[in-house]
Amino acid sequence: MAGPVPELEDRAVACAERLCEADRVLLASHIDADGLTSAAIAAKALERAAIPFETVFEKQLDEDAVADIAATDYDTVLFTDFGSGQLEIIGDHEEAGDFTPVIADHHQPADRETEYHLNPLLFGINGASELSGAGASYVLARALADVSDHDPDPSVAADGGEQVGESRSSSALHSDGGTVTASGAANARADNCDLAALAVVGAVGDMQAAGGELHGANAAIVEEGVDAGVLETGKDLALYGKQTRPLPKLLEYATDVHIPGISNDANGALRFLDGLDLELKRDGDWRRWAGLTNEEKQTVASALVRRAVSSGVPAKKIDQLVSTAYVLSEEPVGTELRDASEFSTLLNATARYERAGVGLGVCLGDRDGALERARQLLREHRRNLSNGIDLVTREGATQEEHVQWFHASDEIRETIVGIVAGMAMGNQGISRSKPIIAFADKNEEEVKVSSRGTHSLVRQGLDLSAVMGEASRAVGGDGGGHDVAAGATVPKGEEETFVERADEIVGEQLS
């Protein structure tokens, strides 16, 4: 095998060989964009290897979720984008003979060993910035193609399976009621390199494009995707919505680099565009960035830079106007699926509203029913995010010495409160110099905790995974995640004690 990440090759082959020995596999995955792409990559690889499987999704892999998995009659369970941090629970079931776990994850592992455990952190690779869950699944898929003696047949659909529980999806064939092929497209490759595009979507959705591009093992996967003809990369404006937003809205909503008179200013954005010598409308409709010629893009970009300079925007910020774009070359121009960032946002919109099966269907190639349902969910998601950000900005955050926090109760869904917290950082009253902790009601007994930091704080020593884990366990909960973003579940009534402990830990990390 000439895999993309040599350090993981031996372990990936061992995991793949174990899957090939199974009569059938239960594929269990997380529900965010990284989890959905992880599941899709694994589903396609299993189908191409002619291994029957069923897919289930979980918001949180806790004791009850693992017990439900153990209660099935599957002897082999493939966990993607989670499982490492839950090895204590999984290991107990493995020792009891309930199932053999195969794990493709990138989160911090618990202090327990299992044989078929594919995680970059076990091999000196940063799982928060160099390889996502989808990336780990891709490494496994490449190994599975190597050890399997089956060639992909795009006309064959994945094994079906019954939907179990609200948080779960049926398998690839019947994802949310639609029929999709497991290969997704007619270019299924025997080496599974065409799945690199989904791995990049997962990495971008997991916020691993620090500094505007993917690094480390992720970059090696990008290279394979480019070679396979499913990815294109290049420097472009670092604005969200280049495929789908009309030009005025693209500029108005471009707030990561604030340009006075354009950002958050609908009329200002219109005046700016009217001052350019460009055909900005066709058939009465505003054009989109993706539809501009390279020369037209250069005209807009140069004018933006001149405006930023004349408005006193720092040079370091102006440099952030340009980043590496990751384009899925086989998807139609002008759709969310063409751009890795927009694709990942679309997937997040399905997962956060208990419709993971819809997102899986889109990943697996359903461009009819699943895609339209995903777009409807995205519109709802954007409304809820906007309302949540308005709420947090209006109410503000409570400032401790080292952290800031807010409690949304039931006014923001617990599945999106972390996204809201991250997007609110930098708004009036919400500092970017401290990590932010957000609470939202999960049920009558528990509260969901989400935390977000910045890559600058991480470079100073911040590790929110350790913060969430230690502070939650101090109050009878549990948590974990990544250094820049992590979460936990704690008992209601313990929020202030949790914040006190979290504030102490962050202070120690940043001292």
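In this predicted model, six strands form an open sheet in the order β10-β11-β12-β13-β15-β14, and their pairing is mixed. At the edges of this sheet stand β10 (398–399) and β14 (478–481), each of which pairs on one side only. Within the sheet, β11 and β12 run parallel and are joined by four bridges.

Helix α18 (residues 495–510) lies across β11, β12, β13 and β15 (485–491), and runs at about 160 degrees to β12. Helix α15 (residues 417–424) is mostly covered, with six of its eight residues buried. The buried residues of α15 are Val 417, Gly 418, Ile 419, Val 420, Ala 421 and Ala 424. Their cover includes α14 (369–395), β11 (404–407), β12 (436–441) and β13 (446–452). Just after α15, Gly 426 takes a positive phi of about 100 degrees.

A search of the whole structure finds four aromatic pairs. Phe 439 and Phe 498 are both buried.

A further sheet is open and has five strands in the order β2-β1-β3-β4-β5, with parallel pairing. Its edges are β2 (53–57) and β5 (117–118); each has a single partner strand, so one side of each is left without a neighbour in the sheet. Strand β1 (residues 25–29) pairs with strand β3 (residues 76–80) in the parallel sense over four bridges. Here Leu 26 has Val 77 in β3 as its bridge partner. Helix α4 (residues 87–95) lies across β3, β4 (100–104) and β5, and runs at about 150 degrees to β4.

| Helix | Strands it lies across | Angle |
|---|---|---|
| α4 (residues 87–95) | β3, β4 and β5 | about 150 degrees to β4 |
| α18 (residues 495–510) | β11, β12, β13 and β15 | about 160 degrees to β12 |

Phe 79, Phe 82 and Phe 99 are linked into a cluster by ring pairs. The charged end of Arg 24 sits over the ring of Tyr 74, 4.1 Å from its centre.

Note on methods:
Residues are numbered from 1 along each chain as its sequence is written. This is a predicted model: local features need pLDDT of at least 70, side-chain atom pairs count only at pLDDT 80 or more; totals for chains, interfaces and linings use all residues. Side-chain values use heavy atoms; hydrogens and water are left out. Two strands pair if DSSP finds at least two bridges between them. Helices (H or I, at least four residues) and strands (E, at least two) are DSSP runs, numbered from the N terminus. Contact means heavy atoms within 4.5 Å. Axes are lines fitted to C-alpha atoms, for helices over the stretch in contact, and angles run from 0 to 180 degrees between N-to-C directions. Buried means under 20% relative accessible area, exposed over 50%, partly exposed in between (1.4 Å probe, protein chains only). Rings of Phe, Tyr and Trp (its six-membered ring) pair if their centres lie within 6.5 Å; planes under 30 degrees apart count as stacked, over 60 as edge-to-face and the rest as tilted. A charge sits over a ring if NZ of Lys or CZ of Arg is within 6 Å of the ring centre and within 35 degrees of the ring normal.
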